[in-house]
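Visitor: Could you walk me through this model? I would like to go from the overall fold down to a few individual residues.

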Amino acid sequence: MTTPWFFHPSHQLQVFAADQPFNQFQIRAATPADLTNVAEIITESFHSPNGMWGWAFPLLRLGIYEDLRHRLASSTPHHVCLVAVDTTATTDNLVGTVELGVRFGDSWTAVGKSFPYLSNLAVHPKYRRLGAASELLKACEKVALLWGFKDLYLHVLENNHQARQLYFKAGYQVHQVESYWNTFFLGRSRQIFLHKYLPHSETI
């Protein structure tokens, strides 16, 4: 049976089922009620609540929350925040999230046109390596195809080996690598710009 997809009047895409009928995770569009949990998952994934900068964690979480609230309230047609929900839990247990939007090419990305861009893929630590991230990626690919695109792009840090393994396994390939000189003086890891060609599927 084809998974039901349709646009909400607010232009948010609604997703009601994962690819497998007995999958643990349901993928759907985020709602305002999800924002606190989404902000918490993103902040925990990209910033540590411990250590020297632990005091700033609540401020970072608040900033992420406000950014998400603004994007969710916008009328941009090509933007969606998706969440993964654990269907085996007794409550609506949100365990992961991802955003998909449209960006425009520049000299760094070397795309030269508008393209769908995936960002803020994050999963709660207790649910990592259980398939939630993979289901979120699959949902983004379906959305990109529905928007009329045949490609999907994202960035990953060169030293984030776990994320790189996830993306390569999902079929992403290196499109561009940030110049070493851009990061040398800042002492940070380079960004790798990944690309995946999305063949059309009749099951969408």
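**A walk through the model**

Guide: Let us begin with a helix: α1 (residues 35-46) lies across β4, β5 and β6 (114-123), and α1 runs at about 85° to β6. Contact here means heavy atoms within 4.5 Å, and axes are lines fitted to C-alpha atoms, for helices over the stretch in contact, with angles from 0 to 180 degrees between N-to-C directions. Helices (H or I, at least four residues) and strands (E, at least two) are DSSP runs numbered from the N terminus.

Visitor: Before we go on, what kind of model is this, and how are residues numbered?

Guide: This is a predicted model, in which local features need pLDDT of at least 70 and side-chain atom pairs count only at pLDDT 80 or more, while totals for chains, interfaces and linings use all residues. Residues are numbered from 1 along each chain as its sequence is written, and side-chain values use heavy atoms, with hydrogens and water left out.

Visitor: OK, what order do the strands of the open sheet have?

Guide: The seven strands of this open sheet follow the order β3-β4-β5-β6-β7-β9-β8, with mixed pairing, where two strands pair if DSSP finds at least two bridges between them. Because β3 (25-29) and β8 (173-177) stand at the edges with a single partner strand each, one side of each is left without a neighbour in the sheet. From one strand to the next, the twist averages 30°.

Visitor: And in which sense do β4 and β5 pair?

Guide: Strand β4 (residues 79-86) and strand β5 (residues 93-104) pair in the antiparallel sense, over eight bridges. Thr-97 in β5 is the bridge partner of Val-83.

Visitor: Which strands does α4 lie across?

Guide: Helix α4 (residues 161-169) lies across β6, β7 (151-157), β8 and β9 (191-197), and its direction is at about 160° to β7.
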